[in-house]
Amino acid sequence: MKKLVSALFVSVALLSVMFSFGGCKGGKFDNELPFKTAIVSIDYSDTDNKKARLSISNDTESFDIVGIQLYNKDNERKIKNLYGGDRLEIFYTDNDYQTVDHILVKKSKVLALELYSDVVPGSGKIDVYSTETGVSVNHTTHRAFWAIDIAGNYIDLENIKSGTKLYGTYVEEEIQVNGEGAYQTKLHYIHALYLYDPR
C-alpha cells in the first residue's frame, strides 16, 4: 500500500511540473539561427467590411506567417493573437530564408486612454488623451485613426462617443521623454487603438 501511495505521489508531482511548463518549449529554441525582424501594423484598407487586418513587415518585405506557432520572447509560451506594435523575430533553418524554424514575439505594451471632443466647442474634432499625469500620446505617426472592437471591426474615432475608454498599444523603446522634473512628459507613440484591453 505504501508503494502505491508513493508511486501516486511521484506521478502527481511529475505531472504538476509538466503542466507548470505547458505551452513552453523550455528554452529549446536555437536563437543562433539566421533571422529577420518585423513589426505588426494594422491594415485598414477593407473599407467595405471595415475589418482590421494585420500586416507583418519590415522596411523591405512583408511576411506570411499563417499557420506558424508564435512564442513570447520573454518566456517562450505560446501566443494566440498579435496586436499592433508587436515585434517579431522570425528564425529560419538556414541562410536561404525559405523555411521558418520558429517565431519569437516581443509584445507591445498597453496604455489606457480616453477619447475626448476637442477643447474648442462645436469644432467636432476629437482626440485621444492619456488619463495619467505626465503622459502624452501621438496616434497619428502610426495612423491609429480608428479603434478596433473585439470582433476585429474598426470604427472611425469620430463615430465613438466622447469619454469612451480606449486602449493603445505602444513600443516601450519608442517613448520620448520631454522636459525635466515636474514638467517632464513621456510621449507614447500609439500603434493601434482598441475598444477592449488586448492583453
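How many strands and helices are in the chain? I looked this up and found 14 strands and one helix; both are DSSP runs numbered from the N terminus, helices being H or I with at least four residues and strands E with at least two.

A note on the model: it is predicted, so I kept in mind that local features need pLDDT of at least 70 and side-chain atom pairs pLDDT 80 or more, while totals for chains, interfaces and linings use all residues. Residues are numbered from 1 along each chain as its sequence is written, and side-chain values use heavy atoms, without hydrogens and water.

Next I checked burial. Of the 199 residues, 34% are buried (under 20% relative accessible area; exposed is over 50%, partly exposed in between, with a 1.4 Å probe and protein chains only).

Then I turned to the salt bridges (a side-chain nitrogen of Lys or Arg within 4 Å of a carboxyl oxygen of Asp or Glu). I found five in the structure, and I wrote up some of them.

- Lys-73 pairs with Glu-89, with the closest N and O atoms 2.7 Å apart. Lys-73 sits in the loop between β3 and β4, and Glu-89 in strand β5. Glu-89 is buried at 18%, whereas Lys-73 is partly exposed at 38%.
- Asp-86 and Arg-199 meet at 2.6 Å, N to O. They lie 113 residues apart, with Arg-199 in the segment after β14. Asp-86 is buried at 1%; Arg-199 is partly exposed at 39%.
- Arg-87 bridges to Glu-173 at 3.2 Å, linking strand β5 to the loop between β12 and β13. I noted Glu-173 as exposed, at 54%.
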